[in-house]
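Visitor: I'm new to this one. Could you walk me through how to read it, one feature at a time?

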Amino acid sequence: MRKFRIGISIVLISLLTGCGNSTNILEELPQTKVDSSDMDNQNIVGELDSEDTAGEETVIAGQEAHAEQADDIAEEAAGADGSDEEDILYLKPCTSYQDIMDNAYEVIIADVMTDIVLGDELFGDVGIREAKIGRDTNEALSAIGYTFYDVDGNGIKELIIADTGEGVWNNNRILLMYTLCDDKPVLLIDGWARNSYHLLNDGTIFHEGSSGAAYTDYGIYRIAEDGNSLEVIFYIYSGYYGDSISGWFYNTTGEQTYDESEIVEFEDEGVPWNMMEDYIAQVKELELTFFAEFKENH
């Protein structure tokens, strides 16, 4: 099975020339396919060990450590009204941008351990809950914001909810992005720490994801012509193909399907992991309205 080499210059030059030049990448890369007959299909199953815990309803006098633990558990389980019912946050269905912003605000001010019931599949709460970890409520309200911005220039402003966390690459990290179709929200991006998105100055979107040390993917996307989905300009990912092939793979489908990908061997082994640094300067500075201000009018 033949491998080919590409340098970072090919990748960056092709991407920086604009959204419509994805065909340039295909011209630079040989059109070799991985033979699907060589593929050793494997199911990777992650198993989590769990423990069943049980405790006495009454604490034996003198066991102070157990008593403190019981108090902590009771406080977490107690609802806002001080009852023993579990604290549950029910979010509204997303029929408008306002519904989405209302839901985001409710998630920010909720305790991170609150059980959240989504109103529909249009709202993703993972990124917002992650962004609150390590911050108190006021800090989170002052760090997470929203903006309305016409990303693709079609006259419809997208709603972007983003984090301005510490570290250059966390700044302006998109947690949620929506557009409108027939005046109804359409979810374009649901991002979190290991599935991050950043809007670039040219209107394209850079994605970096990871499901483990050996499994990383990078992609460049843009809003499709239909205005209601994202399309792939460039996509590479690392992984294992059968028992004998490991490394980086390229396609324009955005899916980790080895039989539809080409094997890529970079001239510098550090190039894929350093790609993020080349895009930091290209991240668009979003003019956010923070949820601290939203709180005043809520």
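Visitor: In which strand does Thr 147 lie?

Guide: Strands here are DSSP runs of E, at least two residues long, numbered from the N terminus. Thr 147 sits in strand S4, residues 144-149. Keep in mind that this is a predicted model, where local features need pLDDT of at least 70, side-chain atom pairs count only at pLDDT 80 or more, and totals for chains, interfaces and linings use all residues. Residues are numbered from 1 along each chain as its sequence is written, and side-chain values use heavy atoms, with hydrogens and water left out.

Visitor: Is Thr 147 buried or exposed?

Guide: Buried means under 20% relative accessible area, exposed over 50%, and partly exposed in between (1.4 Å probe, protein chains only). Thr 147 counts as buried because its relative accessibility is 10%.

Visitor: Which residues does Thr 147 touch?

Guide: Touching, or contact, means heavy atoms within 4.5 Å. Leaving out residues up to four places away in sequence, Thr 147 touches Glu 158, Leu 159, Ile 160, Leu 286, Glu 287 and Leu 288. With Glu 287, a polar atom of the Thr 147 side chain lies 3.1 Å from the backbone oxygen.

Visitor: In what order do the strands of the sheet with S4 come?

Guide: Strands of a sheet pair through backbone hydrogen bonds, either parallel or antiparallel. Two strands count as paired if DSSP finds at least two bridges between them. Here five strands form an open sheet, ordered S7-S6-S5-S4-S14, with antiparallel pairing. S7 (184-190) and S14 (289-290) stand at the edges with a single partner strand each, so one side of each has no neighbour in the sheet.

Visitor: How many bridges join S6 and S7?

Guide: Six bridges, in the antiparallel sense, with S6 covering residues 171-181. Tyr 178 stands opposite Leu 187 in S7.

Visitor: Why is S9 described as largely enclosed?

Guide: Strand S9 (residues 205-212) is largely enclosed by the rest of the structure because six of its eight residues are buried. S9 pairs with S8 (residues 195-199) over five antiparallel bridges, and His 198 stands opposite Phe 206 in S9. The hairpin of S8 and S9 has five residues between the strands, and Gly 203 there takes a positive phi near 90°. S9 also pairs with S10 (residues 215-223), antiparallel over seven bridges, with Gly 212 opposite Tyr 215 in S10.

Visitor: And what about Val 232, buried or exposed?

Guide: Val 232, in strand S11 (residues 230-241), counts as buried at 18% relative accessibility.

Definitions and conventions. Helices (H or I, at least four residues) and strands (E, at least two) are DSSP runs, numbered from the N terminus. A polar contact is a pair of N or O atoms within 3.5 Å; within protein, one must be able to donate a hydrogen and the other to accept it, and residues adjacent in sequence count only if both atoms are side-chain atoms.
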